Amino acid sequence: VIGTSLLLTGCSCSKMEKDPFEKWNRAVYQVNKVADDVAIKPAAIAYKNVIPAPARNGVDNVFRNVGEIPTIANGLLQGKSKQSGTDMARLVINTTLGLAGLFDVATEMGLQHHKEDLGQTLMKYGYKNSAYVVLPILGPSTIRDSIGLMGDYYIVPPAHFRPKYRNIYYGTLLINTRAKLLGSQKLIDSAGVDEYVLVREAYLQNRYFVGISQDNP
């Protein structure tokens, strides 16, 4: 996606979504960048260096297993009953045979992983265009996808844990996600373009193609 955006950042035609909050977005982006440089990125590097790859894969599988819940719900809302059945089977199999999701047994059984969210569901029902917005810590989004993020958040069990355990869960999720993105920073740094624009276009391109897939399942 970033590679495609490098070709498009110079073209006004690539701006599929407007950025009316650019001044605010750039300010939040810089704050996020400082937070990343000072705390998040170092923690992600330490996590990657200390935790063995098999253990990191297990942690990642747990997070993906929890993510099956909003995927199932949004698949049903989008009328994807067959896909949702597969996703439900994945959740049951990985939660039981996969030991709470540590092992992705379902994929080994040939059950394909899908990713659906409420932002995609809103796209399905006509909310196509939405202003770009940068969220504190969470990064690139749109007004539509931010609404979807809140909806998806409340239907997963970790959102209802006691604050201490909820914070541990989402803090680990943040560090795990950042660790997987460590390699992308080199590409961004070597791009030779406005980093803010590159990240924005990469995000919007991705959501644009998600929208196309919604129209052409």
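**Notebook: a surface patch, a cavity and a proline**

I started with methionine 150 and found its place in helix 7. A reminder to myself: this is a predicted model.

*Entry on the patch.* Next I asked which residues form a nonpolar patch on the surface. I noted Phe21, Trp24, Ile143, Ile147, Met150 and Tyr154, and together they have about 630 Å² of accessible area.

*Entry on the cavity.* How many cavities of 30 Å³ or more does a search of the whole structure find? I wrote down one. The largest cavity holds about 50 Å³ of space. Helix 3 (53-77) and helix 4 (81-96) each supply at least two residues of the lining. Helix 3 gives the most, with four residues.

*Entry on proline 42.* I moved on to helix 2, residues 22-50, where proline 42 lies. Is proline 42 buried, partly exposed or exposed? I put it down as partly exposed, because its relative accessible area is 36%, which falls between the limits of 20% for buried and 50% for exposed. I also checked proline 42 against alanine 179, which is 137 residues apart from it along the chain. Their C-alpha atoms are separated by 9.5 Å.

Notes:
Residues numbered from 1 in each chain as written. Predicted model: local features only at pLDDT ≥ 70, side-chain atom pairs only at ≥ 80, totals over all residues. Heavy atoms only, no water. Patch = residues over 30% accessible without salt bridge, like charges linked within 9 Å, V, L, I, M, F, W, Y side chains within 5 Å. Areas by Shrake-Rupley, 256 points an atom, 1.4 Å probe, with all protein chains shown as cover. Salt bridge = Lys/Arg side-chain N within 4 Å of Asp/Glu carboxyl O. 1 Å grid on protein atoms, 1.4 Å probe; cavity = no way out; pocket = protein on both sides within 12 Å on 5 of 7 lines; lining within 4 Å. Points joined across faces, edges and corners; volume = space filled by probe spheres on them. Buried < 20%, exposed > 50% of the residue type's maximum accessible area, 1.4 Å probe, protein only.
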